[in-house]
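Dear colleague,

I am handing over the structure below, and after it I set out what was found in it. Please read the notes with the coordinates open beside you.

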Amino acid sequence: MKSVSKSLKGVALLFFISTPFLSFAADKPVAPMRSETKSASNVDNSEMNVRDKSNVTATPQDQSNSAGDRKLLSLVRRNIVHEKSLSMSAHNIKIMTSDGVVTLRGPVKNKEEKVKLEKVTLDTPGVKSIDDQLDVKTN
């Protein structure tokens, strides 16, 4: 009787272990995703980031770690992200702070968006000035 009970436990365990793998075999094949019609140069901003490879330009890794700079960075980032009229590119710009000076760098959609980012940043309490290194996309 014990050997039958052990065998049933073993079969049940094997069944529960293999069940998830059996479901994959029943899935229908997935069609490959369509490729986008945009060329890589239209969506890739790697060329804009070339300047960050040198030690001449400050990058987010050079961000000051003082409590005041971290808090100001957080406030500026929050205010930019909460501005829903901005594009995804504008929401993802690089922001660095140092003693109340905020550096904005990255691609934006148009001149209006650049002005909006500057206004949102300047309206943030604690910002003394802006080092504007934003690039307006041309393509």
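**The sheet and its neighbours**

In strand β3, the bridge partner of Thr103 is Asp131, and this pair belongs to the parallel pairing of β2 with β3 (residues 129-136), which extends over 8 bridges. The chain goes from β2 through α5 to β3, and the β-α-β crossover made in this way is right-handed, a term used when, with the strands pointing away from the viewer, the path from the first strand over the helix to the second runs clockwise. Arg105 also has its bridge partner in β3, namely Gln133.

Before going further, please note that this is a predicted model, in which local features need pLDDT of at least 70 and side-chain atom pairs count only at pLDDT 80 or more, while totals for chains, interfaces and linings use all residues. Residues are numbered from 1 along each chain as its sequence is written, and side-chain values use heavy atoms, with hydrogens and water left out.

The protein has 5 helices and 3 strands, and from the N terminus on its elements follow the order α-α-α-α-β-β-α-β. Helices (H or I, at least four residues) and strands (E, at least two) are DSSP runs, numbered from the N terminus, and two strands are said to pair if DSSP finds at least two bridges between them.

The 3 strands make an open sheet in the order β1-β2-β3, with mixed pairing. β1 (94-98) and β3 stand at the edges with a single partner strand each, so one side of each is left without a neighbour in the sheet. On average, and with direction ignored, neighbouring strands of this sheet are turned by 10° against each other; for such values, axes are lines fitted to C-alpha atoms, for helices over the stretch in contact, and angles run from 0 to 180 degrees between N-to-C directions.

The pairing of β1 with β2 is antiparallel and extends over 5 bridges. Lys94 has Arg105 as its bridge partner in β2, Ile95 stands opposite Leu104, and Ser98 is bridged to Val101.

Asp99 is found in the loop between β1 and β2, and its phi is near 55°, a positive value in a residue other than glycine. As background, most residues other than glycine have a negative phi. Asp99 is exposed, with a relative accessible area of 57%, where buried means under 20% relative accessible area, exposed over 50% and partly exposed in between (1.4 Å probe, protein chains only).

**Exposed residues and contacts across the sequence**

Lys128 lies in the loop between α5 and β3 and, at 65% relative accessibility, counts as exposed. Although Lys128 and Asp99 are 29 residues apart along the chain, their C-alpha atoms are separated by 8.2 Å. Thr138, in the segment after β3, is exposed as well, with a relative accessible area of 82%, and its C-alpha atom is separated by 8.3 Å from that of Asn110, 28 residues away along the chain.

**The core and the helix packing**

Buried residues make up 23% of the 139 residues in the protein, and β2 is mostly covered, with 7 of its 8 residues buried. The largest nonpolar core has 14 residues, of which Val76, Ile80, Ile93, Ile95, Val102 and Leu117 touch the most other members. The elements that give two or more residues to this core are α3 (67-82), β2 (101-108) and α5 (111-122). A nonpolar core here is a set of buried Ala, Val, Leu, Ile, Met, Phe, Trp, Tyr and Cys residues joined through side-chain atoms within 4.5 Å.

α3 and α5 pack at an angle of about 135°, with their axes 9 Å apart, and are therefore oblique to each other. Angles under 35 degrees count as roughly parallel, over 145 as roughly antiparallel, 65 to 115 as roughly perpendicular and the rest as oblique. The crossing of α3 and α5 is right-handed, where a crossing is left-handed if the near helix is turned anticlockwise from the far one by less than a right angle, and right-handed if clockwise.

With kind regards
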